[in-house]
Amino acid sequence: MAITMAQALNTALHDAMAEDDKVVMFGEDVGILGGVFRITDKLQERFGEGRCFDTPLAESGIVGTAIGMAMYGYKPVVEMQFDGFTYPAFEQIVSHLAKMRNRSRGTVQLPVVVRIPFGGGIGAVEHHSESPENYFAHVAGLKVVSPGTPSDGYSLLRESISSADPVLFFEPKRRYWLKEDADLPVRTEPFGRAVVRRAGTTATLFAYGPMVRTCMETASAAEDEGWDLEVVDLRTLNPFDSATVVESVKKTGRAIVVHEAQVFSGFGAEVAAQVAERAFYHLEAPVLRVGGFDIPYPAAKLEEFFLPDVDRILDAVQRSLSF
Amino acid sequence: MIEDRDTLLGLWQRMTRIRRFEERASTDKEADLLEGYIHNYSGQEAIATGIITQLRADDWITSTYRNHGHSIARDVPLEAMTGELLGRTTGVCGGKGGSMHAVDQDLGMIGGMGIVAGGMPIAAGAALAARRRGQDRVAVTFFGDGAVHQGAFHESMTFAALFNCPVIFVCENNLYAETTAVDYHLIAGSVIAMAEPYGVHATQVDGMDVFAVRDAAEQLIARARYTGRPALLEAMTYRYGGQYEGDTQTYKPPQEVAQWRARDPLLTFRRRVTEPGLLTHGDLDEVAERSRVEVADAFAAAALAPWPDPSVLLTDVYTEIS
Ligand SMILES: Cc1ncc(C[n+]2csc(CCOP(=O)(O)OP(=O)(O)O)c2C)c(N)n1
Ligand SMILES: [Mg+2]
C-alpha cells in the first residue's frame, strides 16, 4: 500500500499511544487541529484531551514540562511547530533534557521525544526552513534521528518513543508527502544503523532526512554519466554508525556528504572526520561536502539556489573523480 | 475625537490601503502567485493605524510575521511591500526578507519578526538606548495574545520596568493564537492583568475603533516619552481570515466572523465621520478608490520588477566578505 511520510508518522503516534497509555502528546495546535502538518491528526479525538493536548505558545514550557512528566512515569512526545521555534526551548533541551541522567548518576531516565519538522523546500523563509540538527548532535545525552523514508518514519518514531533516552526527532517536512509502498506497522533497522539505499561502486553519497531522496535522484541521474553511485542513509546522527560508513568508503574510495544545513561546522564535518580517521588509506579523493551556503536560510525565490540539488551533487561527484 | 479633515483622511487612507493590500495578497496567494506563508491583517487595521499615526518619525516599531498592516501604516511604500511579497529587488528587503520580515530602518521599522515575541526585548533595548542617550524617542512593540506565554514577554516587561525603557507593548488580542482560543490559553483572563505585577501601566481598548485606539495611544506614548515608563495596551480585535492564508479555520465558531465584521473598523470609521458630517461618503469613496488603484498598481509593478541575482545570497551576512 502506498503511504506517505505524514501518514506513517501519524500512524506511529496512534499505535504508540494505543499500546502504552503513558505516551502523551502535546504542543502548539496539536490537539483540536491535529498540528499544522496534521501529524497528530485525530489523536485527541481518539485518546482524549488528557493524552493529546494543546499548549500555550511556549516552547521552553513545552519541553520543560515534558521533562518533569518523563521523570515521573510518562513518555511525552512533544512537537515544535517548526525548526526555528525550537530555539526558545534550547535551554531546556541542552541544559536539562540532555544532562539529567548524567547529573542524577543514572537514576533519572527521560523518555522524551521532541518532534521537529525541519528543513526547507517549501518556500517558507528563515525560522520555517532551518536545519538545526547539528546543534543537538553536538550535545551529549541526546539521540538525534532523521528518517528519509516513510517506513523509517514509522519505525524510527516508534523506537524513539520507546527509547529510555531523549530523542530529537527531525522530520523532513518537504518529504511529508513522499510516498512509499509499505504496510504498517513496519520495523526497519534499529538506531545506530546506517542503511545502504542503493549499492554502487563509483562514489558514496551520505545523507539523512530530506536529502536521502535527493541523493537517490542523483544516483539515477548519474547513470547517464556512467557513474554507479552508492547512497547511504545515515538515519541516526547519534548514535552514529561509523562501521557502515567506513565499509562503504572502503568499497568506493570516494565520499560525499550531503545535507541542507550550512556546510561550515555542519554534520558533514563529523562524517568527514570519521572517514579520515578510519578509512584514510582507502580514500581516492578528499571527502567533499554539499550543503547550504554559510548564510541565513534565504527567501522563497532564492532557496532553489541554496538547497543542494542533483546538479550540485553531481558536480561534487565530478570533482571527486577528477581529483 | 476632535480631528481635522486631513488627519481623518490620512487615517482612512491607511486603513483602506491595508485592507485592499490584504485582500489582494489573499487572492494572489490563493491563485498561487505568492510564495511562503502570508499572514492576513484584515480586521485589525484600526490598531496599526491608530497607534502608528501617533508616533514621531524618529520613533521605532517592531512587528511580527503579520506585519503588512504595521508597515503600511508606517508608510513603507506599497511597491516596497509588494516587491517583498513577490521576492523582487524592489522589495523593502530587496526580496531577501519575504512577507514576514519587512525591515525599513529609515522609517524606524525595526522589522517583522517571524518568531513570536522576538521583537519585544529588542524594542525595550531601542527605547533604553534612546533614554541613555538623552533622546525622547519611544518604541512600540506589536504582538499577539499568544505571545504573552513566551519568556521574552515577561523578561521584556521586567527589563522595561526596571530600567525605565520608554516602550509601549501593544497586544493585538484577536482571540486566537493560531488555532488556540484565548478562552483556553489566556489563563490570566486578560493581557492587562499580566502587566500589573510588573508595575507596567496597562489599558484595554476597543481595537475595532481607530479613534479609541488613537486616544489611548496618545496618552501612553506621551507618558512613555516624558517619564520613560513602559506601558501596555491591549487592543481587543479579531482576525477575519485564518492564521495564514490557506488555514481552514474550522476552529472558529459559526457566526463569529459575521459578528465581528458587524464591528468592522472601516465601517465604524465611516459611520463615525459621516454621521456628524465631518466627511462625506463621497470623500471616503474617493480615497478608498485611490487606495484600491495604488495597491493594484503596486502589485502590477512588483510583478514586472526584476528578480534578485542569486549572488545576493552571499551578501550582507558579515560586514566584510572574507
Ligand atoms: C516561538 C514561536 N513559536 C511558534 C511559532 C508559530 N506561530 C506563528 S504565529 C503563531 C500564533 C501567534 O498567535 P498570536 O500571538 O495571538 O498572534 P496572531 O497570529 O494572532 O497575530 C504561532 C504559534 C512562532 N512563529 N514562533
Ligand atoms: Mg492572536
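User: What classes of residue make up the shell around ligand 1?

Analyst: The shell has 10 nonpolar, 6 polar and 6 charged residues. Ala, Val, Leu, Ile, Met, Phe, Trp, Tyr, Cys and Pro count as nonpolar, Asp, Glu, Lys and Arg as charged, and the others, Gly among them, as polar. This is a predicted model: local features need pLDDT of at least 70, side-chain atom pairs count only at pLDDT 80 or more, and totals for chains, interfaces and linings use all residues. Residues are numbered from 1 along each chain as its sequence is written, while chains are lettered from A and ligands numbered from 1 in the order in which they are written.

User: Why is the site of ligand 1 called shared between chains?

Analyst: Chains A and B both give residues that surround the ligand, so the site is shared. A residue qualifies if its C-beta atom, placed from the backbone, lies within 6 Å of the molecule. There are 22 such residues, and the closest are Phe85(A), Val116(B), Gly144(B), Gly146(B) and Ala177(B). Strand S3 (139-144) and strand S5 (176-177) of chain B each give two or more residues to the shell. Strands are DSSP runs of E, at least two residues long; helices are runs of H or I, at least four; both are numbered from the N terminus.

User: How many residues of chains A and B are in contact with each other?

Analyst: Chain A has 26 residues in contact with 31 of chain B. On the chain A side, 16 are nonpolar, 5 polar and 5 charged. Contact means that the C-beta atoms of two residues, placed from the backbone, lie within 7 Å.

User: What makes Val317(A) buried?

Analyst: Its neighbour count. Buried takes 20 or more other C-beta atoms within 10 Å of the residue's own, exposed 12 or fewer, and partly exposed lies in between, with C-beta atoms placed from the backbone. Val317(A) has 22 such neighbours, so it counts as buried. The residue is in helix H12 (residues 310-321) of chain A. It touches Ala203(A), Ala222(A), Trp227(A), Leu229(A) and Ile256(A), leaving out residues up to four places away in sequence.

User: Why is helix H7 of chain A called largely enclosed?

Analyst: Of its 13 residues, 12 are buried, so the rest of the structure largely encloses H7(A). Among them are Tyr154(A), Leu156(A), Arg158(A) and Glu159(A).

User: Why is Thr158(B) called partly exposed?

Analyst: Thr158(B) has 16 C-beta neighbours inside 10 Å, so it falls in the middle class. Its place is helix H6 (residues 151-163) of chain B. Thr158(B) and Gly146(B) are 12 residues apart in sequence and 19 Å apart in space, C-alpha to C-alpha.

User: What makes the size of chain B agree with a compact globule?

Analyst: The radius of gyration is taken over C-alpha atoms, and the globule rule is 2.2 Å times the number of residues to the power 0.38. For 322 residues the rule gives a value near 20 Å; chain B has 19 Å, so the two agree. Buried residues make up 56% of the chain. Chain B holds 12 helices and 8 strands.
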